[in-house]
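Please look through the sequence and the structure shown here before reading the briefing that follows. The points after it are grouped by topic, so that each can be checked against the picture in turn.

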Amino acid sequence: MSSQTPVLPVIQAGGRTRLRLIRRAKLLSWLSLVWMTIEGAVGVTAGLAAGSVALTGFGLDSVIEGAASVIVIWRFTGGRESSEAAEDRAQKLVGVSFFLLAPYIAVDAILTLTDGSHATTSWVGVALAVGSIVLMPLLGRAKASLGAQLGSSATAGEGAQNMLCAYMAGGVLVGLLASALLGWWWLDPAVGLGIAALAVKEGREAWAGEVCADCVPVGFDSAACNCD
């Protein structure tokens, strides 16, 4: 995959197919926003109560993912459906949202490892992680497909955040269960460090538009998209 930001053609408004795809993208973003609001509130509350770095970071990431959903909704509202400038701005904002998560989680994880703090069992966190493992890949794949069809790196980037959320949920689940059943307290902050590193990687790709390097808008020939 090229490290260059793909040059997306200006997308022409009109066409029932494109309007239908835009409505679907906005609907998925609204669904994500509702879930992320619940996930963020429950994750942060349960994480702080249990002293779990990974679970708290998972909840904070939900807040950031909710912001990414708002960005995509903004991108396809108010006459911006066909705006290349709006797409570029939304793409960059989604990238920045990844970077907001990493510093807090990394510092918290390092301090937890240094102090030897042990997270307590949070079965609420376990249930939340399982729900995200089931739901997030469905949203992520759907948004990746819509992003490719609409030529929207912002939409594909939001889908990448949903997939990151699923990976994080898996890590949180393993960390919580390992701490509760095996006493491996160190695995929780270790998962937190992995979450921070993955957020930085995904942020760089979203900023550069690499999550959508093969995006070709509906109604455009693939040759029109300079993705090399």
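Of the 228 residues of the protein, 49% count as buried. The model is a predicted one, and in it the protein has seven helices and zero strands, which read along the sequence as the pattern α-α-α-α-α-α-α.

Surface and contacts

- The protein exposes about 10100 Å² in total, and carbon and sulfur atoms supply 66% of that area.
- When contacts between residues at least 6 apart in sequence are considered, 82% of them join residues at least 24 apart.

The nonpolar core

- The largest nonpolar core has 42 residues, and those with the most contacts inside it are Phe 58, Leu 101 and Val 172.
- Two or more residues of this core come from each of α1 (16-50), α2 (53-75), α3 (84-99), α4 (102-115), α5 (123-150), α6 (153-182) and α7 (187-208).
- The helix that gives the most to this core is α6, with ten residues.
- Val 172, when its neighbours within four places in sequence are left aside, is in contact with Ala 54, Leu 55, Phe 58, Ala 129 and Val 191.

Helix α5

- With 28 residues, α5 reaches 40 Å from its first C-alpha to its last, which is close to the 40 Å expected at 1.5 Å a residue.
- There is a bend of about 30° in α5 at Leu 135, and a proline, Pro 137, follows within four residues.
- After α5 comes Gly 151, whose phi is positive, near 65°.

Key:
Residues are numbered from 1 along each chain as its sequence is written. This is a predicted model: local features need pLDDT of at least 70, side-chain atom pairs count only at pLDDT 80 or more; totals for chains, interfaces and linings use all residues. Side-chain values use heavy atoms; hydrogens and water are left out. A nonpolar core is a set of buried Ala, Val, Leu, Ile, Met, Phe, Trp, Tyr and Cys residues joined through side-chain atoms within 4.5 Å. Buried means under 20% relative accessible area, exposed over 50%, partly exposed in between (1.4 Å probe, protein chains only). Contact means heavy atoms within 4.5 Å. Accessible areas come from the Shrake-Rupley method with a 1.4 Å probe; for residues, only the protein chains shown count as cover. The expected span of a helix is 1.5 Å times one less than its number of residues. The bend at a residue is the angle between axes fitted to the seven residues ending there and the seven starting there.
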